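Welcome, and please open your viewer. We will go from one selection to the next, and at each stop you will hear what is there.

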Amino acid sequence: MLDKIFLWWSGATLGTLFTVGRRGRQVGTDEFGNRYFEDRTASNAYDVGRKRRYVLYKGYADASKIPPDWHGWMHYLYDTPPSKEPLPRKAWEKPHLPNMSGTPLAQFPKGSMNNETPERQKSAGDYEAWKP
């Protein structure tokens with residue numbers, strides 16, 4: 001219960017849940033469990049006539065967890081939320097993955113010190129290490 005009061009990075013706080021529950025209506029959920037809301041009225045709008053849109057993240061709050069179709073809806077590129085009218089998927093499109101930088105699932109290039117096997121590619125014969 002204390003995490004809902006103080007820890008904003010691990011989900012919504014009680015104040016956020018209260019405010020969004022009072023002002024907004026849920027329009028959908030994505031495949032990651034993030035919930036999307038839109039204001040009931042345009043009284044809190046940044047622009048005239050546009051209702052504010054919110055996302056409550058499931059778990060850690062990271063903007064890269066929003067899939068492309070919901071990202072477009074959140075930024076007013078689409079009027080209809082993807083829960084009512086999903087974007088068509090192309091055969092060549094890969095599923096959305098959040099940014100894994102800074103996590104144990106991050107990918108590192110060959111030769112990186114953080115890679116499990118930090119072997120550098122052999123360089124040309126003209127390379128000579130600098131010695132002070």
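Before the first click, one term: a residue is buried when its relative accessible area is under 20%, exposed when over 50%, and partly exposed in between, with a 1.4 Å probe and protein chains only. This is a predicted model, in which local features need pLDDT of at least 70 and side-chain atom pairs count only at pLDDT 80 or more, while totals for chains, interfaces and linings use all residues. Residues are numbered from 1 along each chain as its sequence is written, and side-chain values use heavy atoms, with hydrogens and water left out.

**Stop 1: the whole chain**

Show the chain as a cartoon. Helices (H or I, at least four residues) and strands (E, at least two) are DSSP runs, numbered from the N terminus. Of the 132 residues in the chain, 23% are buried. The chain exposes about 10,500 Å², and carbon and sulfur atoms supply 56% of that area; the areas come from the Shrake-Rupley method with a 1.4 Å probe, and for residues only the protein chains shown count as cover.

**Stop 2: the aromatic rings**

How many aromatic pairs does a search of the whole structure find? The search gives two. Rings of Phe, Tyr and Trp (its six-membered ring) pair if their centres lie within 6.5 Å; planes under 30 degrees apart count as stacked, over 60 as edge-to-face, and the rest as tilted.

Select Tyr 36 and Trp 70. Their ring centres are 4.1 Å apart and their planes are at 5°, so this pair is stacked. Tyr 36 belongs to strand S2 (residues 35-39) and Trp 70 to helix H3 (residues 68-74), so the pair, 34 residues apart, links distant parts of the chain. Tyr 36 is buried at 0% relative accessibility, and Trp 70 is buried at 3%.

The rings of Trp 70 and Trp 73 have centres 5.6 Å apart and planes at 85°, so they are edge-to-face. Both residues lie in helix H3, three residues apart, about one turn of the helix. Trp 73 is buried, at 0% relative accessibility. Ring pairs join Tyr 36, Trp 70 and Trp 73 into a cluster.

**Stop 3**

**Stop 4: a charge over a ring**

Select Arg 50 and Tyr 76. Arg 50 lies over the face of Tyr 76, at 4.4 Å from the ring centre. The rule asks for NZ of Lys or CZ of Arg within 6 Å of the ring centre and within 35 degrees of the ring normal.

**Stop 5: two last selections**

Ala 61 is in the loop between strand S3 (53-56) and H3, and it is partly exposed at 27% relative accessibility. Then select Phe 108, in the segment after H3. Is Phe 108 buried or partly exposed? Phe 108 is partly exposed, with a relative accessible area of 38%.
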